[in-house]
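User: I want to learn how to read a protein model. Can you take me through one, feature by feature?

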Amino acid sequence: MAEFVLVTIKVHDMSWVENYAANVPAIIRKHGGAYFAVSESIRRFEGDGPDLDSIVLLTFPSRAATEDFISDPDYAPYKAARLAATSGDMFAFTSHG
């Protein structure tokens with residue numbers, strides 16, 4: 001079953017973005033993943049969480065593919081750079097309808 005990954009990002013330092021954008025899409029594709037949506041145009045209708053700079057929605061063919069991407073050693077330095085310069089959340093979920 002396909003799995004979606006939702007990432008919410010509040011950027012504190014932009015130094016990681018160019019290198020991440022140049023390299024991570026290929027690692028995502030290596031695991032059968034794809035960007036479904038990326039946006040910096042965010043409107044809040046409910047809730048009182050932090051203001052966000054961007055939201056990313058990825059899709060992977062399976063839970064195993066998602067886990068393989070997240071734990072891929074090639075992704076590790078880009079993930080570390082993103083985590084050091086941002087705050088936010090990452091969620092994985094499947095759709096039931």
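**Reading the core and its helices**

Analyst: Start with the core. The largest nonpolar core has 16 residues, and Val-24, Phe-60, Phe-69 and Tyr-75 have the most contacts inside it. At least two residues of this core come from each of β1, α1, β3, α2 and α3. Helix α1 gives the largest share, 4 residues. Keep in mind that this is a predicted model.

User: Which residues does Phe-69 touch, leaving aside its neighbours within four places in sequence?

Analyst: Phe-69 is in contact with Val-24, Ile-27, Ile-28, His-31, Phe-60 and Tyr-75, with neighbours within four places in sequence left aside.

User: Now α1. How do I read the length of a helix?

Analyst: Compare its span with the expected one. Helix α1 covers residues 17-30, which is 14 residues. From first C-alpha to last, α1 reaches 20 Å, close to the 20 Å expected at 1.5 Å a residue.

User: Where in α1 does a kink lie?

Analyst: Look at Asn-23, where α1 has a kink of about 35°.

User: Which residues of α1 are buried, and what covers them?

Analyst: Tyr-20, Val-24, Pro-25, Ile-27 and Ile-28 are the buried residues of α1. Their cover includes β2 (34-39), β3 (54-60), α2 (63-70) and α3 (76-85).

User: Take one of them. Is Ile-28 buried or exposed?

Analyst: Read the relative accessibility against the cut-off: buried means under 20%. Ile-28 counts as buried because its relative accessibility is 2%. Leaving aside neighbours within four places in sequence, Ile-28 is in contact with Gly-33, Ala-34, Tyr-35, Leu-58, Phe-60 and Phe-69. Ile-28 and Glu-18 are 10 residues apart along the chain, and their C-alpha atoms are separated by 16 Å.

User: What comes just after α1?

Analyst: Gly-32, with a positive phi of about 80°. Gly-32 sits in the loop between α1 and β2. Its relative accessibility is 46%, so Gly-32 counts as partly exposed. Gly-32 touches Thr-59, Phe-60 and Pro-61, not counting residues up to four places away in sequence. Now compare sequence and space. Gly-32 and Ser-54 are 22 residues apart in sequence and 23 Å apart from C-alpha to C-alpha.

User: How do I tell where the buried residues of a helix lie around its axis?

Analyst: Look down the axis. In α2, the buried residues are Ala-65, Thr-66 and Phe-69. They fall within an arc of 100°, so they line one face of α2. These residues pack against β1, α1, β3 and β4.

User: Which residues of α3 are buried?

Analyst: Tyr-78, Arg-82 and Ala-85 are buried in α3. Their arc around the axis is only 80°, which puts them on the same side of α3. What covers them includes β1, α1 and β4 (86-93).

User: Back to α2. Is Ile-70 buried or partly exposed?

Analyst: Ile-70 belongs to helix α2. Ile-70 counts as partly exposed because its relative accessibility is 26%. With neighbours within four places in sequence left aside, Ile-70 is in contact with Tyr-75, Lys-79 and Met-90. The C-alpha atoms of Ile-70 and Asp-89 are separated by 14 Å, and the two residues are 19 apart along the chain.

User: How do I read a polar side chain such as that of Glu-3?

Analyst: Check its place, its burial and its partners. Glu-3 lies in strand β1, residues 3-11. Glu-3 is buried, with a relative accessible area of 4%. Its side chain makes a polar contact of 2.9 Å with the side chain of Thr-66. Glu-3 also touches other residues, including Leu-58, Arg-63, Ala-92 and Phe-93.

Conventions
Residues are numbered from 1 along each chain as its sequence is written. This is a predicted model: local features need pLDDT of at least 70, side-chain atom pairs count only at pLDDT 80 or more; totals for chains, interfaces and linings use all residues. Side-chain values use heavy atoms; hydrogens and water are left out. The expected span of a helix is 1.5 Å times one less than its number of residues. The bend at a residue is the angle between axes fitted to the seven residues ending there and the seven starting there. Buried means under 20% relative accessible area, exposed over 50%, partly exposed in between (1.4 Å probe, protein chains only). Contact means heavy atoms within 4.5 Å. A polar contact is a pair of N or O atoms within 3.5 Å; within protein, one must be able to donate a hydrogen and the other to accept it, and residues adjacent in sequence count only if both atoms are side-chain atoms. A nonpolar core is a set of buried Ala, Val, Leu, Ile, Met, Phe, Trp, Tyr and Cys residues joined through side-chain atoms within 4.5 Å. The arc is that of the directions from the helix axis to the C-beta atoms.
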